[in-house]
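Please read the following points with the sequence and the model side by side. They are arranged by topic.

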Amino acid sequence: MHVPVILVGAMTKDRVIGQGDKMPWDIPEEYQTFIDNIRGQTVVMGRKSYDVFGPDLTSAYAIVVSRGDPDVSVPVAHGIDKALKLAHSYGKKVFVAGGSQIYELALPHANRMYLSEIKQDYAGDRYFPEFDRQQWQIVREDEHARFIYREWKRLG
Ligand SMILES: NC(=O)c1ccc[n+]([C@@H]2O[C@H](COP(=O)([O-])OP(=O)(O)OC[C@H]3O[C@@H](n4cnc5c(N)ncnc54)[C@H](OP(=O)(O)O)[C@@H]3O)[C@@H](O)[C@H]2O)c1
């Protein structure tokens with residue numbers, strides 16, 4: 001694969017990423033790092049997350065993953081393989097921005113992760129998948145007031 005696949009998102013120490021359709025926190029500084037990362041790049045997102053975050057993705061080339069035919073103004077891919085193939089054809093960086101189901105499907109394809117760890121604990125029912133930390137190395141870490149931003153690279 002010529003272009004890295006980058007998972008991007010924010011989670012608590014317990015890997016909570018969402019509660020129902022929503023994110024459990026409102027941390028504008030963290031959300032801005034996400035928006036800055038994806039600007040001008042390609043973003044693959046699950047249909048449920050796109051329903052909520054789609055309006056914020058106008059600066060990026062969005063692709064929605066769905067089994068159906070949702071009424072959206074961006075391309076729809078019926079599976080992660082098709083989504084990543086289309087994403088690679090754009091020649092931009094390829095980000096996968098959740099939610100839980102789509103992170104799970106994309107993790108085996110990913111060789112980078114840009115993840116913010118939210119310092120405060122929040123309850124939720126959507127999680128980032130577990131990953132083997134032995135297979136990943138932190139290549140950047142920035143401390144912020146309410147979160148720690150880390151860039152991870154897959155080893156080997
Ligand atoms: N903290 C963060 O950084 C972050 C980022 C993004 C999202 N979130 C949170 O994540 C939660 C949403 O995650 P979620 O897991 O419920 O939903 P999701 O991953 O956003 O979307 C799930 C949808 O993806 C489609 N899908 C799933 N598997 C598929 C497959 N094998 N082939 C084709 N399509 C498939 C289906 O769409 P159809 O139903 O249309 O078929 C499914 O309903 C929300 O709470 C959101 O706030 C958090």
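1. Residues are called buried under 20% relative accessible area, exposed over 50% and partly exposed in between, with a 1.4 Å probe and protein chains only. This is a predicted model in which local features need pLDDT of at least 70, side-chain atom pairs count only at pLDDT 80 or more, and totals for chains, interfaces and linings use all residues. Residues are numbered from 1 along each chain as its sequence is written, and side-chain values use heavy atoms, without hydrogens and water.

2. Arg15 is partly exposed because its relative accessibility is 21%. Arg15 sits in the loop between β1 (5–12) and β2 (16–18); helices (H or I, at least four residues) and strands (E, at least two) are DSSP runs, numbered from the N terminus. Although Arg15 is not a glycine, its phi is positive, about 70°.

3. Helix α3 (residues 80–89) has the buried residues Ile80, Ala83, Leu84, Ala87 and His88. Seen down the axis of α3, these fall within an arc of 130°, so they line one face of the helix; the arc is taken from the directions from the helix axis to the C-beta atoms. An α-helix has 3.6 residues a turn, so residues three or four places apart point the same way.

4. Exposed residues Asp81, Lys82, Lys85 and Ser89 are carried on the face of α3 turned away from its buried side. Just after α3, Gly91 has a positive phi of about 75°.

5. Gly98 and Gly99 are joined by a cis peptide bond, with omega about 0°. Gly99 belongs to the loop between β6 (94–96) and α4 (100–106).
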